[in-house]
Amino acid sequence: MKKISLATLCLLASLTAMAQLQTLTLNDLLGGGSNYWNLQPKYLFIQWWGDIPIETTVDSVVVIKANGQRGRTLFTAADINVWAGETVCRSCHNIEFPYPDKPLVRIQLPRRIVLVNFDTHRVELDLRVPDDNAQNLDWCAASRHLAYTVGSNLVVLTADGQRLQVTTDGDDVTQNIVYGQEVSRNEFGIEKGTFWSPDGQHLAYYRKDQSAVPSYPQVDITTHIATTYVDHYPMAGEASQLVSVGVFDVAANTSLYLDSRRPQTDYMTNLSWTPDSRRLYIFELNRDQDHMQLFGYDAATGQKDKLPVVEEKHPRYVEPLHPLSFLPWDDTKAVMQTRRDNWNHLYLIDLATRQETVWHAVDGGGTVLDRCHTQRLTAGDYEIISFLGFNEKARTAVFIANADHPLRHGIYTAAVKGNTKGDYKRISVDDGCHTATLSASGTQLIDLYSSPTVRRSINLISTASAKSTNLLTASDPLAGRYFFPEITSGSIKAADGQTDLYYRLIKPVDFDPSKKYPTVVYVYGGPHAHNVQASWGYYYRGWEIDMASRGYVIFVLDNRGSQYRGHKFESVIHRQLGVNEMADQMKGVEFLRTLPYVDTDRLGVHGWSFGGFMTTNLMLTHPDVFKVGVAGGPVVDWKYYEVMYGERYMDTPEQNPDGYAQCGLLHKAANLQGRLQIIIGGNDPICVPQHSLSFIRKCEDVGTQPDFFIYPGDGHNMFGTDQVHLHERITRYFEDYLK
């Protein structure tokens, strides 16, 4: 009998294991796929009841003890339904603890809010919305009143069930006048349109007048004869929305409007109530978005302060994105986030003080005027990613920042009192990227963490001592079951020769260094987004793994203009969108040429939205470099983009005619040499179809041949099964023309 060596046995075992591995598909990798959720790592649904961490499952609610172990069960979904006398809780994932010191849980149903006391086993509130088409529900825990919109109007339902019609002149047909909804097309951090006072007795709300804004004709194909519907879209240089802020007094059932005394084209954003519910502070911007003022208002009279508390100017733009955060122990002081020194940092402003001052230059390239005492809480060449709140006992601010490395998002604290140098302390132990929620007092936080080597970890952290207790470190469901590519990250120099840019590189699953592979550059490139960070897989997208399984190299680079690298890094795009971004991406191509396994004769590019603009631009500007491109929802001519975003980065077409001419893509249509597919949602309200249709028409005029695909009825992005279909289409295009 012939003996088999140990090496041979090991090889056979390895080959057998590999034969058992499966190849990931788009149905495994995308949120709209049929198997996506089955392959996600274990997750714990943890929230705070005051300072007590609570785990919610589908069936029950359990206390987490200080040592991280599961303690007593507070109640079950079955208990809630028995106490309510009907089925109101189908999953404990959907409950909340609105009061840190009361045994109450809130269950929000589509048109109903139920508040249950789990000590007395009684329903304390059962608020049923009488309007079938109610939207934008905003419940206030302090008063237990509910605000919501019906069409274009605003309604308040009091805790005792009175329905108060706040507005009546909102126009559902034309949507010329709209109340209680977001304004300025969700720019400047605006995500909602109603704002309860801390005591819950007053409601601030937006009024949006769009009567001068042209209506872009979106088409509804679901009717027997296709119809159009209203989509007020203010294009750059055209008439914009007129925004004002009302204050509704619930007890009096009356409204007043803040006396803004301002040009009607200004922006009002990031409303914040003072803790005593008597005043409002609002960040206001001029149309050019280069001058910010922070004004206070008397909520009872609507009267505006004569002078702003803070003013900032910048020759490029100023962009307030966060409301004030008042100190829990001192109602006269608040934390303000600003990039006045180039980096987004925390400043403590004392609203009870007034001082004589003059405009002075700051490191960020702008000028500031502070009429109140201002203290810098954080400082350094890093960005505050997220302000979490305060540890009231320790008198510290708690925040997430990339202070240790541009790709890492750690958790830190900074003293509020006496911190004149901007000193901070890191309390998260692991490198990588963290998100967190503070307990009511701010003494603890729930930390959700991942890194390139840790897919998911959930921990309890003391914000004072930094002591960490692990609740979960999830295993990777893909390990040992599926082929998975090697993912690495590194840096190159930008086109300026000085700035570090970070990339993600994914090699084919069956990588052979002796082969040359087709390579696809995935790009976004614009502000308020980034593609590379030190989380699991360096923040990869599922489609990239599918492409690696098919034998492609995927390269992703965050060029200058992307987020979390400071104002100078981002605003290099000002008045010339696409120019410096493309120059940096071409530095990425130079890097790819140094890799022996990259076939630069088979180089593709893909991106969506701003990335669609970048993809199209790269295909037309460097037709000798990129053979195949897929551009999703692209901006083609910045004159067709919205006022708020477009004018911040490009000014108006009248102010910057050369910039608009240079950055537009229509005049480059004749340059197309490779295969370019443009894909859009048929009812895209962000990059409206006019962009892509104009480009197709221009290509027809000059004789070039792009391909075009449309998702009727979809908006700017595709979801559900359309998401899978979309990426199948993208993949097929590269398979057909690049491979």
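A residue counts as buried when its relative accessible area is under 20%, as exposed when that area is over 50%, and as partly exposed in between. With that in hand, welcome to a set of close-up views of a predicted model.

View 1. Several elements give two or more residues to the lining, among them helix 2 (26–29), strand 30 (384–391), helix 4 (542–549) and strand 42 (598–608). Helix 11 gives the most, with four residues.

**View 2. The largest cavity has a volume of about 110 Å³.** Its lining is made up of 13 residues, and the closest to its centre are Pro406, Leu407, Val532, Asp558 and Gln563. How many cavities of 30 Å³ or more are there? The count comes to two.

**View 3. Arg648 and Glu187 form a salt bridge.** The closest N and O atoms of this pair are 3.1 Å apart. Arg648 belongs to helix 8 (residues 643–650), while Glu187 is in the loop between strand 13 and strand 14, so the bridge ties together parts that are 461 residues apart in sequence. Both Arg648 and Glu187 are buried. The loop between strand 13 (177–179) and strand 14 (194–196) also holds Ser184, which has a positive phi of about 55° without being a glycine. Ser184 is buried because its relative accessibility is 1%.

**View 4. Arg339 and Glu319 form a salt bridge between two loops.** Their closest N and O atoms are 3.9 Å apart. Arg339 is in the loop between strand 25 (330–338) and strand 26 (345–350), and Glu319 is in the loop between strand 23 (310–313) and strand 24 (325–327), 20 residues away. Glu319 has a relative accessible area of 14%, so it is buried.

**View 5. Asp330 and Lys333 form a salt bridge with closest N and O atoms 2.7 Å apart.** Elsewhere, salt bridges with shared partners join Glu187, Glu319, Arg339, Glu383, Glu570 and Arg648 into one network. The whole structure has 46 salt bridges.

**View 6. Pro214 lies in the loop between strand 15 (202–209) and strand 16 (218–220).** Which residues does Pro214 touch, leaving aside its neighbours within four places in sequence? The contacts are Asp231, His232 and Tyr233. Between Pro214 and Asp231 there are 8.4 Å in space, C-alpha to C-alpha, and the two are 17 residues apart in sequence. Pro214 is partly exposed because its relative accessible area is 44%.

**View 7. Leu693, Phe708 and Ile710 form a nonpolar patch on the surface.** Together the three have about 240 Å² of accessible area. Ile710 is part of strand 45 (residues 707–711), and its relative accessibility of 37% is why it counts as partly exposed.

Notes. Residues numbered from 1 in each chain as written. Predicted model: local features only at pLDDT ≥ 70, side-chain atom pairs only at ≥ 80, totals over all residues. Heavy atoms only, no water. Buried < 20%, exposed > 50% of the residue type's maximum accessible area, 1.4 Å probe, protein only. Contact = heavy atoms within 4.5 Å. Patch = residues over 30% accessible without salt bridge, like charges linked within 9 Å, V, L, I, M, F, W, Y side chains within 5 Å. Areas by Shrake-Rupley, 256 points an atom, 1.4 Å probe, with all protein chains shown as cover. Salt bridge = Lys/Arg side-chain N within 4 Å of Asp/Glu carboxyl O. 1 Å grid on protein atoms, 1.4 Å probe; cavity = no way out; pocket = protein on both sides within 12 Å on 5 of 7 lines; lining within 4 Å. Points joined across faces, edges and corners; volume = space filled by probe spheres on them.
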